[in-house]
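Please consult the sequence and the structure shown below.

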Amino acid sequence: MTKLKKLKNKNLKYSYVQGRFSNEVAGKFQHFPIHNWENEFYYAKKLNFDSVEWIITDFSNPIFNTSFIKLIKKNLSKHSIVISSISLDLIMDNPLHKLTKSESLWLSNKIYTAVKFFKIKRVSIPIEERSRFNNKIEKMSALKNLSIIYNVLKKKCKVCIETDISPRSLINIFNMKKFSQLGILLDLGNTRAHGFDIEEYFKYFSNRIYSIHIKFRDKSYGKTKILKRKNFYELNYLIKNLHHLKKLVDISFQTYKTNKYFLSDMKRSIKNYNYYVK
């Protein structure tokens, strides 16, 4: 069986985004796998993952329930898996600039409880695609709510944003004193899709990159032009320059999956990744 090849860094976690070992939920590609979340740990461990990026897609996630978290912990322990990070994917459909203050505070406090209980190292917040701000007023509102979440969590874990804002445009936000410890989740697929240079992320934010999302599309995945193995430039660059990322918490596989062959899809993604890990 194809197993994930790990770099020689004992502090670095290798995780998968929840749902990559499950079929879709009500036709949604990325959603908390309510029907299969506990079974995913078995496959993850078999492929040599040591952690999971817990995905929160709505305000009723089981991790918010103080009784349910004991069941989650029991299932994690059974397979020697930990929660390395939380993805606040619900922000995709509830953008920061539209959240109320009470929603931001409620969410922050619930996440804080989970972070403390599971000793989670990172929380990521999307500011991209449909959750991106589009004007100055939306930006001010988004940063205000981001500040609320950031201030509640920053003493317990690293907080980062996943964004399709260009690296140079991000400099202004990261220079703000109130976001002195805010980091970036660097998504390799999105970096290429938007035409951004991965070198710029390393140049400007090498000490602020807290996580990496690995992406992979095989020939069976729709009409997108498939990259030849030698053309995975961003992944190759990452592996060769990973030693510059001193505050990196985890490498997380957020690869494309089909609804039926998701396990085989993950294996192909791992095989592609392993090709670059010498």
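How much space lies in the second largest pocket? In this predicted model, the second largest pocket holds about 350 Å³ of space. The points below describe its lining, and then turn to helix packing.

**Second largest pocket**
- The lining of the second largest pocket consists of 15 residues.
- Val 82, Ile 83, Phe 118, Lys 119 and Lys 121 are the lining residues that lie nearest the centre of this pocket.
- Helix H2 (68–78), strand E3 (82–87) and helix H3 (101–118) are the elements that each give two or more residues to the lining.
- Sorted by class, the lining has 8 nonpolar, 4 charged and 3 polar residues.

**Buried face of helix H5**
- In helix H5 (residues 167–174), the buried residues are Pro 167, Leu 170, Ile 173 and Phe 174.
- These buried residues line one face of H5, because they fall within an arc of 95° when seen down the helix axis.
- The partners against which the buried residues of H5 pack are helix H4 (136–153), strand E5 (158–163), strand E6 (183–187) and helix H7 (198–205).

**Packing of H7 with H8**
- Helix H8 (residues 233–241) packs with H7 at an angle of about 30°, and the axes of the two helices are 10 Å apart.

Definitions and conventions: Residues are numbered from 1 along each chain as its sequence is written. This is a predicted model: local features need pLDDT of at least 70, side-chain atom pairs count only at pLDDT 80 or more; totals for chains, interfaces and linings use all residues. Side-chain values use heavy atoms; hydrogens and water are left out. Buried means under 20% relative accessible area, exposed over 50%, partly exposed in between (1.4 Å probe, protein chains only). Helices (H or I, at least four residues) and strands (E, at least two) are DSSP runs, numbered from the N terminus. The arc is that of the directions from the helix axis to the C-beta atoms. Contact means heavy atoms within 4.5 Å. On a 1 Å grid over the protein atoms alone, a cavity is a set of points where a 1.4 Å probe fits but cannot get out, and a pocket is an open set with protein on both sides within 12 Å along at least five of seven lines; lining residues have an atom within 4 Å of a point. Grid points are joined across faces, edges and corners, and a volume is the space filled by probe spheres set on the points. Ala, Val, Leu, Ile, Met, Phe, Trp, Tyr, Cys and Pro count as nonpolar, Asp, Glu, Lys and Arg as charged, and the others, Gly among them, as polar. Axes are lines fitted to C-alpha atoms, for helices over the stretch in contact, and angles run from 0 to 180 degrees between N-to-C directions.
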